[in-house]
Each structure stands twice: as C-alpha cells, then as structure tokens.
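Hello,

Here is the structure I promised to pass on to you. Please have a look at it first, and then read my notes below.

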Amino acid sequence: MKKLLAGLMALMMVLGMAAAFAEGITTLEEGKMIYSTSPDFPPFEYRDDNDNIIGIEPELIALVAEKIGLTAEPLAMDFDGALLAARADLGAKADLIVSGVTVTEERKAVYDFTEPYTTITQAIVSKDGAVTKDQLNDVIIGVQSGTTGQIYAEDNFKNVTKYETYSLAFQALQNGQVDCVLLDDAVGNAYIKRIPGLGAQPTDCEIEEYAFGVNKGNTALVDAINAALKELKDDGTIEAIILKYNE
Ligand code: ARG
C-alpha cells in the first residue's frame, strides 16, 4: 500500500512538472505546436512511400514538443509559403517554421530563432558533378525559391531559374533545363543518393546555421524549445537522429 502511494505521488509529481513546463506557453491551438515545413528536403524533411512527413526535423521537433508537453503538427507547403506561414506580422498560420531554415540577419527581423542545432554550406549538384564553382556564370543554375541558395545565386550569377520545390529543380536538372542545382550540401548529397548519375562540387560559401524560426514575440515558446534542444543535444539524441537519417 505504501509503495502504491509512493508510486502515485511520484506520478503526480511528474505530471505536475510536465504541466509546469508548458505553463505560460501560448500556441495557436492549445496543446499543439504547429510547424510549417517544405517536405522536399531530405534528410531534414521529406515524404515516405505512404506520404508521411519524416526526417531529422520532424523527429527532432516531435521530441522537443513532447518535452514541453505539446504535440508537434506539420503544416506542409512549399518553402516560400512555409516562411510566410510562421510570420506573426502576417497573421501566423503556424507557431514556427521547421524547414532547414538558415539563420540570416533579414530573417531575424521577422522570426525569433531558437539556438542553431546543425550547420551546412552551399554545394553545386550537376550531372556527374561536372559543374564547378568557376563555371557558375556560364551555366543555368536551378534554385528553390525563397532559399539562401537563391539569394546567393542571384547576387552573384547571371542565369538563375527558380522552382517551388527541390523535387522540381532536380527534375529540371535531369531534363537538361538547368545545368546544376545550388543548395545545402547535406540535401544535395541526399538527392545524389536518390538520383543516379549526379555528383557534387563545393562552393566557397560560408557556413550556414539551421534553427527553428518561431513567431516573433513568442519568447516563452523559444525558451522552452531551447531548453528541450539543450537536453537533446547534451544526451546525444540530436547527433543520433542526424546519423540515423544519413545512413
Ligand atoms: N537552408 C536554406 C534556407 O534557409 C534552404 C532551406 C530550404 N528548406 C526546405 N525545406 N526546402 O534558405
């Protein structure tokens, strides 16, 4: 009987703590953390054969939400749409964007970013990996609209074609409508694994940091996500998830 009571009390304490963690956190829908995402971005977010959204970030954000006492719910769209959906100044449809988002000064003006959890840099993917960084002015470059890859390509090179998704950009590469796709290296490598005959070349772009972009002003949510991220980093979970999807 004593044991049962002690067990009950321990359970009540745990439940109480979970509630306390979620206390003071407001989201668009109670109990949920809705995230906008563009699931054309393996290994970070993509669809499996059953159309479920899987990858490093859906798995990570689900664990983060669980620690906060919420459930994470994806809202899928193209990247441009996902960026808009998480903006508080545009009447947010999502609490945050989880979509391989690079932290930039411009974006800091419209989101409150969490701590970064991984890094990438831009790479050039082409047939046989033939296109090098010195040739970028003489070729047609495919990019995804709204991305840091688009910004870099348009700032520096002449012929840039934008696509709503990377799936479309890579179709264009296979059809010969573009000569290369400029994108985050980890994602380029994932497409190379999926599509035979492609290869990558490096750029001299800077390192970019990925973080989650939360509705500006929702400090309680940012703080709670950061606390959860820290735990998941310290206990090796983030590293394990990244490794799992890079197998
Ligand atoms: N990291 C790049 C950016 O922030 C590309 C992100 C694209 N994400 C996606 N899920 N398609 O602009």
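A word on terms first: the domain bounds used here come from an automatic or database domain assignment. That assignment gives domain 1 (29–119 + 209–245) and domain 2 (122–205), and their centres, taken over C-alpha atoms, are 24 Å apart.

Please keep in mind that this is a predicted model, in which local features need pLDDT of at least 70 and side-chain atom pairs count only at pLDDT 80 or more, while totals for chains, interfaces and linings use all residues. Residues are numbered from 1 along each chain as its sequence is written.

To start with the whole protein, its C-alpha trace spans about 75 × 40 × 30 Å along the principal axes. It has nine helices and 15 strands; these are DSSP runs (helices H or I, at least four residues; strands E, at least two), numbered from the N terminus. Of the 247 residues, 40% count as buried, meaning that 20 or more other C-beta atoms, placed from the backbone, lie within 10 Å of a residue's own.

How do the domains meet? 13 residues of domain 1 are in contact with 13 residues of domain 2, where contact means C-beta atoms, placed from the backbone, within 7 Å. On the domain 1 side, β2 (40–41) and α3 (79–85) each supply at least two residues, and α3 gives the largest share, three residues.

Next, the sheet. Five strands form an open sheet with mixed pairing, in the order β5-β1-β6-β15-β7; two strands pair if DSSP finds at least two bridges between them. At the edges are β5 (71–76) and β7 (111–113), each pairing on one side only. Strands β1 (residues 32–37) and β6 (residues 96–97) pair in the parallel sense over two bridges, and Y35 has L96 as its bridge partner in β6. Helix α2 (residues 56–68) lies across β1 and β5, and runs at about 145° to β5 (axes are lines fitted to C-alpha atoms, for helices over the stretch in contact, with angles from 0 to 180 degrees between N-to-C directions).

Finally, the largest nonpolar core has 66 residues. Such a core is a set of buried Ala, Val, Leu, Ile, Met, Phe, Trp, Tyr and Cys residues joined through C-beta atoms within 7 Å. Y35, A86, L96, I97, C180, V181 and L182 touch the most other members, and the core draws at least three residues from each of domain 1 and domain 2. Leaving aside neighbours within four places in sequence, L182 is in contact with Q122, I124, I141, V143, G149, Y152 and A153.

Enjoy exploring!

Definitions and conventions. Two residues are in contact if their C-beta atoms, placed from the backbone, lie within 7 Å. A residue is buried if 20 or more other C-beta atoms lie within 10 Å of its own, exposed if 12 or fewer, and partly exposed in between; C-beta atoms are placed from the backbone.
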